[in-house]
Amino acid sequence: MPGRARAVALRGQAEVPPEGALAAPLTGRPCHWFSFRVEALRKQAGQDQERWVEIERGTSFRDILLRDATGLASIDPAGATMTGTETESWTSNGPPPAAGMGEALATIASVAIQGRLETRRYTEEVIPAGAPLFVLGSLTPAPSGPAAVRAPESGYFAISTLSPEATARRHLLAAAGQGAAGAVLVGAGVFMTMRRRAAGP
């Protein structure tokens, strides 16, 4: 039977599973996790100006493997706050680099309907293959195989490619920028605890 869940802070390296790395849908970059958004510049009904309209978005939900000095952990990314990911954003009148036949046909349809290529904005965020990882979450030991890490019932769940210190600064600055004074104070306490847990090799 699996052990009892407990709060942990893990530092290690992302490991590519036997089935291989994921391929980011817009660029084809090998990665452990991705999130993407596609927007189109369109005129809305009754409006003269064009605006960006979201037409597609997606996120991967495959577990991320992390290896540290104690072994292997399998991290369910659902609900995690991601920090230090690699992000690319660009505008184009054509399909993205990793587009398949469906995207190419949609581009042709856009020309046929509007008489011109539709301007689109592509944004893709990934945890690249082999990235260092820092994770704060709830770990359940397994009798065999990787321990399972997921969002705790209460508390903070974070996945970061940055150090604990850099992760703390990033989140506290974000909270301060939103005017969330209470969140800054709470965040400071949470991340001081995070740093203590993650201390060591």
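Buried residues make up 36% of the 201 residues in the protein chain, where buried means under 20% relative accessible area, exposed means over 50% and partly exposed lies in between, with a 1.4 Å probe and protein chains only. Welcome to a predicted model, in which local features need pLDDT of at least 70, side-chain atom pairs count only at pLDDT 80 or more, and totals for chains, interfaces and linings use all residues. Residues are numbered from 1 along each chain as its sequence is written, and side-chain values use heavy atoms, leaving out hydrogens and water.

**The chain as a whole**

- The protein chain has 3 helices and 12 strands; these are DSSP runs numbered from the N terminus, with helices (H or I) of at least four residues and strands (E) of at least two.
- Among the contacts in the chain with a separation of 6 or more, 67% are between residues 24 or more positions apart; a contact means heavy atoms within 4.5 Å.
- The accessible surface of the chain comes to about 11,100 Å², and carbon and sulfur atoms hold 55% of it; accessible areas come from the Shrake-Rupley method with a 1.4 Å probe, and for residues only the protein chains shown count as cover.

**The nonpolar cores**

- The largest nonpolar core has 19 residues, of which Ile75, Ile127, Val149 and Ile159 touch the most other members; such a core is a set of buried Ala, Val, Leu, Ile, Met, Phe, Trp, Tyr and Cys residues joined through side-chain atoms within 4.5 Å.
- Two or more residues of this core come from each of β1 (6-15), β5 (64-68), β6 (71-75), β10 (132-140) and β11 (147-150).
- Beyond its neighbours within four places in sequence, Ile75 is in contact with Asp63, Ile64, Leu66, Val135, Val149, Phe157 and Ile159.
- A second, separate core holds 9 residues, including Leu22, Leu26, Cys31 and Val38.

**Strand β10 and its partners**

- Strand β10 is mostly covered, with 8 of its 9 residues buried.
- β1 and β10 run antiparallel and are joined by 8 bridges; two strands pair if DSSP finds at least two bridges between them. Arg11 stands opposite Phe134 of β10.
- β10 also pairs in the antiparallel sense with β12 (residues 158-160), over 3 bridges. There, Ile159 in β12 is the bridge partner of Val135.
- Another antiparallel pairing, again over 3 bridges, links β10 with β11, and Thr140 stands opposite Ala148 in β11.
- β10 and β11 form a hairpin with 6 residues between them, and Gly145 in the turn has a positive phi of about 85°.

**Two residues to look up**

- Cys31 sits in strand β3 (residues 30-43). Cys31 counts as buried because its relative accessibility is 0%.
- The C-alpha atoms of Cys31 and Pro128 are separated by 4.2 Å, although the two residues are 97 residues apart along the chain.
- Apart from neighbours within four places in sequence, Cys31 is in contact with Ala21, Leu22, Ala24, Val126, Ile127, Pro128 and Ala129.
- Thr85 lies in the loop between β7 (81-83) and β8 (86-92). With a relative accessible area of 15%, Thr85 is buried.
- The side chains of Thr85 and Glu125 make a polar contact at 2.6 Å; a polar contact is a pair of N or O atoms within 3.5 Å, and within protein one must be able to donate a hydrogen and the other to accept it, while residues adjacent in sequence count only if both atoms are side-chain atoms.
- Not counting residues up to four places away in sequence, Thr85 touches Trp33, Glu125, Val126, Ile127 and Thr161.
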